[in-house]
Amino acid sequence: MPFDGLVEVGAALGPSFEAQAVNVSEDGIHLRTAYLPELGQPLTCRFDGGPSKTVLVAGEVVWSQGEAKGGEFGVRFTEMDAESVD
């Protein structure tokens with residue numbers, strides 16, 4: 001589903017950064033950013049899921065495509081709390 005919003009991405013191997021969401025599904029999220037994490041890297045993603053709702057999920061990078069400045073990457077969700085599932 002198309003999703004236009006900022007996502008706070010936390011990485012165990014480096015500092016947190018923001019990314020622009022392109023689309024999201026129940027299984028993962030497609031992000032565009034100036035910083036590309038490594039394939040297989042575990043991440044956490046936090047974004048607004050509606051009025052007064054924050055979604056927090058854990059996942060791993062499953063693909064990336066570099067561009068001149070940054071690029072795009074996909075995260076497959078591996079863990080999500082019950083409130084975020086709703």
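The legends below describe close-up views of a predicted model. Local features require pLDDT of at least 70 and side-chain atom pairs count only at pLDDT 80 or more, while totals for chains, interfaces and linings use all residues. Residues are numbered from 1 along each chain as its sequence is written, and side-chain values use heavy atoms, with hydrogens and water left out.

View 1. Strands are DSSP runs (E, at least two residues), numbered from the N terminus. Strand β1 (residues 6-11) pairs with strand β2 (residues 17-24) in the antiparallel sense over four bridges; two strands pair if DSSP finds at least two bridges between them. E8 has E18 in β2 as its bridge partner. β2 also runs antiparallel to strand β3 (residues 28-33), again with four bridges. A hairpin of three residues connects β2 to β3, and V24 stands opposite I29 in β3.

View 2. M1 lies in the segment before β1. Its C-alpha atom is separated by 5.5 Å from that of V24, 23 residues apart along the chain. Leaving out residues up to four places away in sequence, M1 touches N23 and V24 (contact means heavy atoms within 4.5 Å). M1 counts as exposed, at 68% relative accessibility; buried means under 20% relative accessible area, exposed over 50%, and partly exposed in between (1.4 Å probe, protein chains only).

**View 3. Salt bridge between R46 and E8.** The whole structure contains three salt bridges, each defined as a side-chain nitrogen of Lys or Arg within 4 Å of a carboxyl oxygen of Asp or Glu. Here the side chains of R46 and E8 meet at 3.9 Å, N to O. The pair links R46 in strand β4 with E8 in strand β1, 38 residues apart. R46 is partly exposed at 39%, and E8 is partly exposed at 40%.

**View 4. Salt bridge between E72 and R32.** The N to O distance is 2.9 Å. E72 lies in strand β6 (residues 70-80) and R32 in strand β3, so the pair ties together parts that are 40 residues apart in sequence. E72 is buried, with 13% relative accessible area, whereas R32 is partly exposed at 40%.

**View 5. Salt bridge between R76 and E60.** The side chains meet at 2.5 Å, N to O. R76 belongs to strand β6 and E60 to strand β5, 16 residues apart.

**View 6. S52 in a loop.** S52 sits between β4 (42-50) and β5 (53-67). S52 has a positive phi of about 60 degrees although it is not a glycine. Most residues other than glycine have a negative phi. S52 counts as exposed, at 83% relative accessibility.
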